[in-house]
Amino acid sequence: MAQTEKKGGLLRKSSASKKPLKEKVVLMYDEIFTTEDPSKSNPRFWEELFLMKVNLEYLEGKLEALDGEELMKIKDNINCLFQHCIQALGEEHPIRVVNALQTLCALIRGVHQKNKSTSGFDIINMLVGFDKAELCMKNLMESLDSLLCAEGSESLKSLCLKLLLCLVTVTDNISQNTILEYVMINSIFEAILQILSSPLSRREHGYDAVVLLALLVNYRKYESVNPYIVKLSIVDDEATLNGMGLVIAQALSEYNRQYKDKEEEHQSGFFSALTNMVGSMFIADADEKISVQTNEAILLALYEAVHLNRNFITVLAQSHPEMGLMTTPTSPIPTTPVTPLGTTPPSSDVISSAELPLDADVQTSNLLITFLKYSSIVMQDTKDEHRLHSGKLCLIILTCIAEDQYANAFLHDDNMNFRVNLHRMPMRHRKKAADKNLPCRPLVCAVLDLMVEFIVTHMMKEFPMDLYIRCIQIVHKLLCYQKKCRVRLHYTWRELWSALINLLKFLMSNETVLLAKHNIFTLALMVVNLFNMFITYGDTFLPTPSSYDELYYEIIRMHQNFDNLYSMVLRISTNAGQWKEPASKVTHALVNIRAIINHFNPKIESYAAVNHISQLSEDQVLEVVRSNYDTLTLKLQDGLDQYERYSEQHKEAAFFKELVRSISINVRKNLAFNTLSQELLLKEFSTIS
């Protein structure tokens, strides 16, 4: 008997003795693509259609093949199909509902493809008709809301979320997607929250729900009142907020785990052996190959939660015992292809293993620790555009955290100590830190470590000025809290001081190259003012008097860098030019640092001469410093502990618009590749063969 092959909606016998036969659903689609009403010749046409397995590829292809004029001719039939899909969503039998949901996905995507090229072509009119749009979309949203909130099939809920993601992302710029007006009017916010608050629903659908919410929040957020923003900002239900935090933590944990796995592969592989033989000349190349796709979609969700909802701040420090007890979902989650911008949902293994087995500090993992580890990975390589965006978003999130009073309270809490293994970039001049030797410290120490790490590792030709400014601002905001609340943090401040001085040295060494692209004086002023903050208020927040002495020691030891900086800014501020004013601000800011150097250096030289010592030890210099504080005169500088609060709309709107556009494109790509397969759905509803 000849084998039957199926291809492109055709049934064909391999002997090729007869013409190819079209499967019945394809014949029915063909009837819809005529100007005649298909139900005239067959009154049960629509009823039968939704019993047929959907051929997504054929239906979308058929829509895309028509030009705008041809599509307008069959508009009535398209409207009719759309309306019957919505009616079928209310059917009792799940097979009809599944087929209706998938048909809607194909319709929306197919019609949208035409919208790209045809001017004046309205997607809403083409799908439902203007006269019926309001009622139809209301019915559609109510049906989806009911399906998401019902205790029925998890597969149906999954498909509802896919359809909603399909609806939201049909346009690259979601704010130009007029269909979303109906999603604003007929809110599904409560349905999303219900998914996040229920452990079972969250395991199955949490990722899609969180990404959907993040996208909806960004619809015309600066132009009109977005109900999803308003509602997200006032959520105070603990189970819901914890659920959202857990979904984000799992996705970031999965990224961290994949990176760690790849890193271990490199260390144990042939390339590692070759590197050890030849030396460290290949270390940069080796690191570049350790690349895991970043996940901007889930990071955007974290940002919106932190930025909009004060109650979510508490979730950052909540440990998740549930993460260690997760079991794999009953229905496997499809594997998503790798895309340039990570919108890939975590695979099922993240839910079973989560983050907890990865660390020695199993009991003390939380969302903030996971996020800091994620940040330490993506901020290593900012040459790649996606990682640059990811790194920027990480710093924006940390900026929001550093400004929040409650967040600062738990960041600096001495009773909440953690061991955080941040990833450090391989560098030739330093050894890899042993993770096991890390002390348990307040979380703010890990944030400061991350900032120091960034400062030290990104002094390069393609200088990421914007990220450096954000980094210094975060340190400044943390210091302002410590000064205000008199928190004496036991931290290795010398590492920060050393990093800041080396940054100033780099700016001076590369003055000509950097000035062609950046105003380096803004950054230099911020760095100098951090030192001024330590000099003026350090006695209120540095852990011990000897820490304050060590600050003076570092300034005196590295005085040549400050002298050179003063010479540079004096030279530029005395010449007419575009940098005159910003350079003169740095000149004025250096007054106390220069006073310290000019006061103590002669005293140190005198001490050395009297005691016939050619080179003083650190202890001897510190002795001179301690005995000469009384005669030092410093100027009081205003505004050192003041800062401008973060504002998204005025400064970051363009960044978020582009970021959301990238995420929208990639969510759509992922949906197109793998998430609408019927096999799992039909297995679940196998009562109809």
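Mentor: Start with one definition. Angles under 35 degrees count as roughly parallel, over 145 as roughly antiparallel, and 65 to 115 as roughly perpendicular; the rest count as oblique. Keep in mind that this is a predicted model. Two packed helices are described by the angle between their axes and the distance between the axes.

Take helix H13 and helix H14. H13 covers residues 199-217, and H14 covers residues 227-234. Their axes lie 8 Å apart, at an angle of about 120°. H13 and H14 are therefore oblique to each other. Which residues make the contact? From H13 come Leu213, Leu216 and Val217. From H14 come Tyr228, Ile229 and Leu232. By class, this contact has six nonpolar residues, no polar ones and no charged ones.

Now move along to helix H22 and helix H25. H22 runs over 385-403, and H25 over 465-485. Their axes come within 9 Å and cross at roughly 20°. That makes H22 and H25 roughly parallel to each other, because the angle is under 35 degrees. The crossing of H22 past H25 is left-handed. On the H22 side, the contact uses Leu388, Gly391, Lys392, Leu395, Ile396, Leu398, Thr399, Ala402 and Glu403. On the H25 side, it uses Asp466, Leu467, Arg470, Ile474, Lys477 and Leu478. The classes here are eight nonpolar, two polar and five charged.

H22, H25 and helix H28 (520-541) each supply at least two lining residues. Which helix gives the most to this lining? H25 does, with seven residues. By class, the pocket lining splits into nine nonpolar, eight polar and nine charged residues.

Next comes helix H24 with helix H26. H24 spans residues 443-457, and H26 spans residues 493-509. Their axes come within 9 Å and cross at roughly 25°. H24 and H26 are therefore roughly parallel to each other. H24 passes H26 in a left-handed crossing. H24 brings Leu448, Val452, Ile455 and Val456 to the contact. H26 answers with Trp493, Glu495, Leu496, Ala499, Leu500 and Leu503. Nine of these residues are nonpolar, none is polar and one is charged.

A search of the whole structure finds four cavities of 30 Å³ or more. The second largest cavity has a volume of about 60 Å³. Its lining is made of Phe418, Arg419, Val420, Leu438, Pro439, Arg441, Pro442, Leu443, Cys445 and Ala446. H24 gives the most, with three. The lining classes are eight nonpolar, no polar and two charged.

H24 meets H26, and gives the most to the lining of the second largest cavity.

Key. Residues are numbered from 1 along each chain as its sequence is written. This is a predicted model: local features need pLDDT of at least 70, side-chain atom pairs count only at pLDDT 80 or more; totals for chains, interfaces and linings use all residues. Side-chain values use heavy atoms; hydrogens and water are left out. Axes are lines fitted to C-alpha atoms, for helices over the stretch in contact, and angles run from 0 to 180 degrees between N-to-C directions. Helices (H or I, at least four residues) and strands (E, at least two) are DSSP runs, numbered from the N terminus. A crossing is left-handed if the near helix is turned anticlockwise from the far one by less than a right angle, and right-handed if clockwise. Contact means heavy atoms within 4.5 Å. Ala, Val, Leu, Ile, Met, Phe, Trp, Tyr, Cys and Pro count as nonpolar, Asp, Glu, Lys and Arg as charged, and the others, Gly among them, as polar. On a 1 Å grid over the protein atoms alone, a cavity is a set of points where a 1.4 Å probe fits but cannot get out, and a pocket is an open set with protein on both sides within 12 Å along at least five of seven lines; lining residues have an atom within 4 Å of a point. Grid points are joined across faces, edges and corners, and a volume is the space filled by probe spheres set on the points.
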